[in-house]
Amino acid sequence: MTSSSSNILDQSVQFLKSVGPKRALSFNKIGINTIRDILFYFPSKYLDRTNLTNSAQVYEHLMNGYDGELTVIGKVIDKETRRYGNRQILTVKFRDQAGFFGCTWFQGIKYFEKRFKEGDIYSISAKPTLSRYGEVQFTHPDYDMITNDESQVFYNTGKIIPVYSVKKELKQTNIGDLSLRKIISDTVGKYANYLTETLPEELKAKYSLSGLNTAIRTMHSPENNEKLKEAKKRFKFEEFFYIEMLVAMKKHNYITQQKGNSLRINTDLVPAFLKTLPFQLTAGQLKVLSEIRRDMEANKPMNRLLQGDVGSGKTIVALISMLIAVDNGYQAVLMAPTEILADQHAKNISAMLAKLATVYTKRQINISLLLGGQKKSVKAKNLEDIEMQEADIVIGTHALFESNVVFKNLGLVIIDEQHRFGVIQRAKLQSKGNTPDVIVMTATPIPRTLSMTVYGDLDVSIINEMPKNRIPIKTYLRGESKLPEIYKFIIDKRRDGYQSFIVYPLVEESEKIELKAAETYYKDLSETYFAELNVGLLHGKMNWQEKEAVMLKFAAKEYDVLISTTVIEVGIDIPDANIILINDAHRFGLSQLHQLRGRVGRGKEQAYCILVTKDELAAKSSYARINLEYLSPVLLEKYKSSIRLQAMVKYLSGFDLSEIDLKLRGPGDIFGVKQSGFPELKYGDLVNDTPILTEAKREAFNIIENDPHLTNDRNKIVRNNLINHYSQNLSYAKIA
Ligand code: ADP
Ligand code: MG
């Protein structure tokens, strides 16, 4: 840090008025160490006239049947504790501008009795009810103490009151609503001027963003909602901007590494392979392959995300890419998230290569499968093959990360079902070669906001169509009472050569009980309804050899029905399995349901996905017309599982489903963000702030394109701020 002005803000909170060493410790416990941290401790909510009512209005709301939360401000005028048998009830009576209301507590009576003193003013938030005497009443409400002055200012000028969350660590040193508000407001008054601006002037001007100092003051004491919104926008923009700087630097850093050689289609290996395929590649597959080929030919490393819906045929694209690498004397590795998927890839690819060997005799292409729990001797042989380049194509699971896996000449890394892995794991595998080309594949569509952030350093290829022979899967939603009919359907369809998956949910917390349930379920079904059928069982507790044996039997049609936990969720490809029955479907997430449905409909027959639920609400079709746009957060929460199931019935495309999923999950819960290694979002929201994100990204990439190492004077602010505040995230950026 250079200027003396920033040093002041780095001083401990201990030196603030009315803090001192003891309170400083409690601040430290909640992550507030410096004066700067106090400046950035923003209110958790605000009291303003738009969200405030009074006792008379509350009464009216209740008469009109409103059942949401409301906020009022009142002065304590009386309190009373009554005894009912061995229970006690505390009632605190308040007066506000329009009348009276009460608050009641059944627990912690002693604490609240002490807390609410006559004459004190509080804001009270909760869902109100009417007492049996017809008075407005709040039970166990949220509350914040307000000074008389504050309430005067509030009523007279309409000024907004900030409400900070007072964590229990603070309460332990007697910091309450009022004292915290006072400490913060004093600090802002005294120190906000010392903040140095962290956004370039041009950007602030271009997007009309408030200056840092002003924005901080506004966050803590907004004049009105308009100004507050402006201040928030500045922090969102800034947050996205610096994240995008990191993304842009990471990408720049990777693509400027010289690979030295460019890969070409040298021999007739790839053309010969294409001739052995039993089908024509789709236009989508061809387009993606040409993008991959162009990247491989260039002498900078490829870093590409291949997106394609479940069943769109990504494996074949991966294999052809691997053959190009092999054709150039390199090894290629394909990593899958589960053992049965890795095993299946190895089997399918071996079969395709065997067919190739009959027409292409110039050289043999060897593959090696590496899984955890392989026999020592087998594993040792595999490792040796990989190290000696006896293996051209290596397929495996997490076992590939181990340090004893050494490639002689790794040129291409492919990660299947990337969404199951973290970003760090990608880097680990990458480091086993000398800047190899990388393709990560996923069927889970990545919302646009994520492909701009977490995956922002990757180029994106999309397979946007399905092979032509496919008939859209029919999806039904049924209550559990319909199970006997569904079983009968499965039995009938067997005559047409159909095989079925029956999925049983296995929830992690209760793995043992659930496993028992799956086993019991298997036993019951195979002895009753399916007595005449061959039924197999697959679950996560089996080792991979056992799983393999079951999958091989199912693929060979030795089983008509496979009862399985979600171990089959990703990637499994059994073309004759055309029915999937998903039990307790309301317990699965949307992307999981979509993946499971993707196990069927991979051939040319009509396929069926039957979702079964005991959730009566969810099974009712009347909710099919629920429109997400108009649903309040409360209703959204209530109907989540039925919306998910209805969405499955209505939509086949993973892209449509992912949009809905994003809305249902909300910004904090998006898969992949947490493991991404990016700073967590404090202000921005990946669902609602896409326009701001888009602008911030454009500006950040623009800066890196023109000044990759940020040496230009005009980027000094950006450079300094990155060094000061993002140093942990800078490992991949070179701006020394
Ligand atoms: P995913 O993209 O879900 O990984 P797969 O690669 O497993 O899909 O392919 C699904 C099925 O479609 C496989 O049985 C595969 O052989 C078949 N397939 C792939 N490409 C085509 C195509 N162009 N025409 C017909 N079938 C295809
Ligand atoms: Mg796949």
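Strand 3 and strand 4 form a hairpin, with two residues between them. Strands here are DSSP runs (E, at least two residues), numbered from the N terminus. The model is predicted: local features need pLDDT of at least 70, side-chain atom pairs count only at pLDDT 80 or more, and totals for chains, interfaces and linings use all residues. Residues are numbered from 1 along each chain as its sequence is written, and side-chain values use heavy atoms, leaving out hydrogens and water.

Strand 3 (residues 87-96) runs antiparallel to strand 4, joined by seven bridges. Two strands pair if DSSP finds at least two bridges between them. Thr91 has Thr104 as its bridge partner in strand 4. Thr104 also has a partner in strand 7, Thr139. Strand 7 (residues 136-139) pairs with strand 4 in the parallel sense, over three bridges.

## Burial of strand 4

Strand 4 covers residues 99-105. It is largely enclosed by the rest of the structure, because six of its seven residues are buried. Buried means under 20% relative accessible area (1.4 Å probe, protein chains only).

## Around ligand 1

Ligand 1 has 16 residues around it; Gly311, Lys314, Thr315, Arg470 and Asp573 come nearest. A residue counts as near if one of its heavy atoms lies within 4 Å. The shell divides into four nonpolar, seven polar and five charged residues, with Gly counted as polar.

Oxygen atoms of ligand 1 meet polar side-chain atoms of Thr315 at 2.6 Å and of Asp573 at 2.7 Å. For Gly313, a backbone N or O atom lies 3.0 Å from a ligand 1 oxygen. The protein covers 87% of the 570 Å² of accessible area that ligand 1 has on its own (Shrake-Rupley method, 1.4 Å probe).

Terms used:
Chains lettered and ligands numbered in written order. Buried < 20%, exposed > 50% of the residue type's maximum accessible area, 1.4 Å probe, protein only. Helix = DSSP H or I, 4+ residues; strand = E, 2+ residues; numbered from the N terminus. Polar contact = N/O pair within 3.5 Å; in protein donor to acceptor, adjacent residues only side chain to side chain.
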